[in-house]
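Dear colleague,

Here is the structure I promised to pass on to you. Please open it beside this message and follow the residues as you read.

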Number of protein chains: 2
Amino acid sequence: MRIGEVAAKAGVSVRAMRYYEQQNLLQADCRLGGQRHYADTAVGRVRMIQHLYAAGLSSSTIREVLPCVDTGEVPPELLDRLTAERTHIDQRITELLAVRARLDEVIAAARNPDPECHHMQY
Amino acid sequence: MRIGEVAAKAGVSVRAMRYYEQQNLLQADCRLGGQRHYADTAVGRVRMIQHLYAAGLSSSTIREVLPCVDTGEVPPELLDRLTAERTHIDQRITELLAVRARLDEVIAAARNPDPECHHMQY
DNA sequence: CTTGCACCTGACGCTAACGTCAGGTTTTAG
DNA sequence: CTAAAACCTGACGTTAGCGTCAGGTGCAAG
């Protein structure tokens, strides 16, 4: 597969894939006439990269994490980093849940206008 | 209170507060000799703004949402927007949960090296 | 052969949420 | 009164994850 096909299947832009390569998150299997060629597994890998980005991880963090996800081998020095990242994600989840609850209150109030509503002080 | 005190109590920079004002998220109660003065409630408001930013909302979205949180009154046209935003947040939560679970697998594997481990294909 | 599409490598543009510096004013402490 | 803080208004810098354009190449079809 060439880059366009992989990009389409994974739902990203060609530009994004070249960017991932620059960031050392992804390598083409080979180059034929200057053009990148990929195995089928690349599609899944690109999707995984997207998920990690969506989770708020930076390129450099993803660069560290990906090999572990691939091989299952985790150098112990990375364990702390991963645990820290997990904690960070946990915090973001908690914040998101709080904001969602907030939004739900507002939405509920909008649907069911309550004249005696006692609004919270933030 | 002047800007520095509010910023310190809310845990943000002075620059950030001036930025919030530019974005119409926050107004000073008055100006004395060109300097901004705030009521105590400003601290909570700034924290709320931070939470919304942390939830991934943009300045313009926050600008729409904040008055509703304040007053509890929601113009019906905003309801769709809020619901959409809620859906979006839901998606991000789901993604974060997935990534966290992924991280947990890797961490568990690292702590408990399993020679017969069958790694998932992403 | 040539048309046309997909691909290539730079390289500059963009947005958001501030950081930071310059140059000047106001408030506060001694 | 005076010097140090704290504040003010621009305005330019920064970072990340791409978008997009320019100018040139490779591959399949007619």
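Ala108(A) counts as partly exposed, because its relative accessibility is 43%, and partly exposed is the class between under 20% for buried and over 50% for exposed. Please keep in mind that this is a predicted model, and that the values below were computed from it.

Next, the two chains. Where chain A meets chain B, 40 residues of chain A are in contact with 40 residues of chain B. The size of an interface is often given as the accessible area lost when the parts come together. For chain A and chain B the buried area is about 3900 Å², and carbon and sulfur atoms give 73% of that area. The rule finds four salt bridges across this interface, and one salt bridge that you can look up is formed by the side chains of Arg86(A) and Asp104(B), with a distance of 2.5 Å from N to O. Four residue pairs in polar contact, with both residues at pLDDT 80 or more, are also found between chain A and chain B.

Which elements of chain A give two or more residues to the side that touches chain B? They are α3 (41-54), α4 (59-71) and α5 (76-111), and the largest share, 22 residues, comes from α5(A). Sorted by kind, the residues on this side of chain A are 21 nonpolar, eight polar and 11 charged.

Within chain A, the domain assignment gives domain 1 (1-73) and domain 2 (74-122), and the centres of these two domains, taken over C-alpha atoms, are separated by 30 Å. Nine residues of domain 1 are in contact with eight residues of domain 2, and the area buried between these domains of chain A is about 700 Å², of which carbon and sulfur atoms give 59%. Across this domain interface the rule finds one salt bridge. Arg81(A) and Glu64(A) form a salt bridge in which the closest N and O atoms are 2.6 Å apart.

With best wishes

Methods: Residues numbered from 1 in each chain as written. Chains lettered and ligands numbered in written order. Predicted model: local features only at pLDDT ≥ 70, side-chain atom pairs only at ≥ 80, totals over all residues. Heavy atoms only, no water. Contact = heavy atoms within 4.5 Å. Buried area = accessible area lost by both parts, 1.4 Å probe. Polar contact = N/O pair within 3.5 Å; in protein donor to acceptor, adjacent residues only side chain to side chain. Helix = DSSP H or I, 4+ residues; strand = E, 2+ residues; numbered from the N terminus. Nonpolar A, V, L, I, M, F, W, Y, C, P; charged D, E, K, R; others polar. Buried < 20%, exposed > 50% of the residue type's maximum accessible area, 1.4 Å probe, protein only. Domains from an automatic or database assignment.
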